[in-house]
Amino acid sequence: MKIAVLGNGTVGNGVLDIIEQQMKPACKDIEIAYLLIREGKPKTKPIMCDDINTILQDTSVDLVVEVMGGIEPAHTYILKALRMKKHVVSANKAVIAKYMKEFQECADENNVCFLYEASCGGGIPWLHNLFQAKRIDDIHEISGIFNGTTNYILDHMTKEQKQFDVILRRAQELGYAEKDPSADIDGIDIQNKLKISASIAFDSDIVQDFPTFGIRTIHKNDIAYFTSLHKCVKLMAVAKKQDDRYGAAVEPLLYDADAMESSISENFNLACLNGTTIGDCKFYGQGAGKLPTANAVVQDIIDILYQLPKPEISLSKNLRHDTSLVKGVYIVRTNNKECRQILEDFYDREERFQGYSYIWTKCISAYQMHQFIKQIMDKDAGAFMARIHEVTK
Ligand code: HSE
C-alpha cells in the first residue's frame with residue numbers, strides 16, 4: 001500500500017522510522033511515497049514534496065497520514081483526501097475534536113476509512129478499547145490523564161521540587177509538548193482529547209467547550225501543601241453521562257497518594273472507562289512522544305491495509321450538557337483577601353501553609369467553580385485551584 005505522510009514533525013518522522021525499519025511483515029507492505037513538507041523548505045529526501053495536489057492527484061496513493069497539527073490546512077487536506085477516495089489516518093486532536101462528524105460523514109460517503117487512534121492517549125490503544133467496550137456496554141463515565149507534558153511536569157515538580165518553567169522546558173526538549181505549550185498547560189489539548197473520547201463513548205457529537213482549567217499557575221508550594229495532605233495532583237479529564245445528559249470538565253484533581261492515578265509518572269497517560277458490565281477498566285501507556293504516538297498511527301494504517309472491520313461509530317444522540325454532573329470540594333490558593341468574598345456562599349474553611357492561604361470550598365459544581373476562579377484570577381492572576389477526588393461507589 002502506498003501512503004503519503006503530511007507533516008514532517010515529531011510524529012511524522014516517528015511514522016517514517018517505524019515503517020522504514022520494517023521490523024514486522026506488515027510494515028514491509030507499506031510504502032511511503034510522499035512526505036509533505038512546508039513550501040520553501042529544503043528537500044533532503046527523495047520522498048519530500050511541497051505540493052499537496054501532487055499527492056492528492058496520485059491515484060496510486062491509497063492512504064494519507066495527517067500529522068501536521070492545527071486546524072488549517074489540516075481540515076481542508078483531510079476532506080480533499082477523503083473526497084479523492086483515499087483513507088485518512090490522523091493524530092491531530094485539535095482538528096478532529098472540531099470536525100469529527102464532518103470527517104466521518106465524508107469518509108462514509110466515499111467508502112473509505114477515517115481513523116485517529118493516535119489522537120487520544122498517544123501509544124495507548126484507548127479508542128480501540130473504547131469501541132470494543134461499547135459493543136456490549138453503555139459507557140457511563142470516562143476519565144484519565146490525557147496529557148503527557150503536564151503529567152511529566154507535575155511528576156517532576158513533585159520529585160525534584162523544582163519550579164514549573166524549568167520542567168516545562170525539559171518536556172519541550174523531550175518532544176512531548178505541543179508547538180505552543182499553552183495547549184498543554186491550559187488543558188486545551190486534554191479538552192480536545194476528551195471531546196473525541198466522549199463523543200465516541202456517548203454516541204454524541206460533543207463539540208461544545210466545557211470547564212477547563214490547567215496548571216499554568218501551580219507552584220512548588222502547592223505541591224508541598226498537597227503532599228502534606230497525603231494527596232497527589234493530576235491534571236484530569238472527566239466526562240459523565242446520565243440518561244440524556246452529559247457533564248465534562250478538565251481540571252487538576254487531588255488523589256490519595258496510594259490511588260492508581262497518583263502512581264502515573266513521566267509522560268505516561270491513564271485512560272479509564274466505566275461500562276455497564278465491564279465496570280471500571282483502565283489503560284496505561286505513553287501518552288506523548290515520537291515513537292509511541294507514531295506506533296498508534298501505524299496500527300491504524302495496518303488495520304486499513306488488512307481491511308479489518310471499521311469501528312462502529314454513531315454521533316447521532318442529542319445529549320444535553322448538564323452543568324451539575326461534575327462537582328466536588330475545591331482547594332483554592334489565593335492570598336488576595338477580596339477573593340474570599342467571591343467564594344462567600346461556598347466558603348468552608350481556610351488553611352495556612354508556608355505563608356500561603358488555601359481556601360476549602362463546600363461541594364460546588366465544576367461549572368460554577370470555574371466561573372468563580374475566572375473572577376478570582378481577575379484580582380489574583382497567579383491563583384490556583386484543584387478539586388478533591390472522591391471515590392464514588
Ligand atoms: N502534547 C501532547 C501531550 C502530545 O503532551 O500529551 C500528545 O498528544
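Helices and strands are here DSSP runs, helices of at least four residues (H or I) and strands of at least two (E), numbered from the N terminus. The structure is a predicted model.

## Helix packing

Two packed helices are described by the angle between their axes and the distance between the axes. These values are tabulated below.

| Helix pair | Angle between axes | Distance between axes |
|---|---|---|
| Helix 1 and helix 12 | about 65° | 8 Å |
| Helix 6 and helix 10 | about 15° | 9 Å |
| Helix 4 and helix 5 | about 15° | 10 Å |

**Helix 4 and helix 5.** On the side of helix 4 the contact is formed by A74, H75, I78, L79, L82 and R83, and on the side of helix 5 by V95, Y99, E102, F103, C106 and A107. Nine of these residues are nonpolar, one is polar and two are charged.

**Helix 6 and helix 10.** Helix 6 spans residues 126-134, and helix 10 spans residues 188-202. With an angle of about 15° between them, helix 6 and helix 10 are roughly parallel to each other. Helix 6 passes helix 10 in a right-handed crossing. Helix 6 contributes W126, L127, L130, F131 and K134 to the contact, while helix 10 contributes I196, S197, I200 and A201. By class, the contact holds seven nonpolar residues, one polar and one charged.

**Helix 1 and helix 12.** These helices pack at an angle of about 65°, with axes 8 Å apart. The crossing of helix 1 with helix 12 is right-handed. From helix 1, the residues T10, V11, N13, G14, V15, D17, I18 and I19 meet K290, L291, T293, A294, N295, V297, V298 and I301 of helix 12. Nine residues of this contact are nonpolar, five are polar and two are charged.

## Helix 1 and helix 12 individually

Helix 1 covers residues 10-21, and its twelve residues reach 17 Å from the first C-alpha to the last, close to the 16 Å expected at 1.5 Å a residue. Buried within helix 1 are V11, G12, G14, V15, L16, I18 and I19. These buried residues pack against strand 1 (2-6), helix 2 (25-28), strand 2 (31-36) and helix 12. The residue that follows helix 1 is Q22, with a positive phi near 45°.

Helix 12 covers residues 290-305; its 16 residues reach 22 Å between the first and last C-alpha, close to the 22 Å expected at 1.5 Å a residue. The buried residues of helix 12 are P292, T293, A294, A296, V297, V298, D300, I301, I302 and I304. Just after helix 12 comes Q307, which has a positive phi of about 50°. Q307 lies in the loop between helix 12 and strand 12 (320-321). At 70% relative accessibility, Q307 is classed as exposed, because the cut-off for this class is over 50%.

A107 belongs to helix 5. Its relative accessible area is 0%, so A107 is buried, the limit for this class being under 20%. Residues up to four places away in sequence aside, A107 touches L82, V112, C113 and F114. A107 and G285 are separated by 178 residues in sequence and by 29 Å in space, from C-alpha to C-alpha.

N192 lies in helix 10. With a relative accessibility of 12%, N192 also counts as buried. When neighbours within four places in sequence are left aside, N192 is in contact with K93, A94 and A97.

P73 lies in the loop between strand 4 (61-66) and helix 4. The peptide bond from E72 to P73 is cis, with omega near 5°. K85 is found in the loop between helix 4 and strand 5 (87-90). The phi of K85 is positive, near 60°, in a residue other than glycine. Q307, likewise a residue other than glycine, has a positive phi near 50°.

Note on methods:
Residues are numbered from 1 along each chain as its sequence is written. This is a predicted model: local features need pLDDT of at least 70, side-chain atom pairs count only at pLDDT 80 or more; totals for chains, interfaces and linings use all residues. Side-chain values use heavy atoms; hydrogens and water are left out. Axes are lines fitted to C-alpha atoms, for helices over the stretch in contact, and angles run from 0 to 180 degrees between N-to-C directions. Contact means heavy atoms within 4.5 Å. Ala, Val, Leu, Ile, Met, Phe, Trp, Tyr, Cys and Pro count as nonpolar, Asp, Glu, Lys and Arg as charged, and the others, Gly among them, as polar. The expected span of a helix is 1.5 Å times one less than its number of residues. Buried means under 20% relative accessible area, exposed over 50%, partly exposed in between (1.4 Å probe, protein chains only). Angles under 35 degrees count as roughly parallel, over 145 as roughly antiparallel, 65 to 115 as roughly perpendicular and the rest as oblique. A crossing is left-handed if the near helix is turned anticlockwise from the far one by less than a right angle, and right-handed if clockwise.
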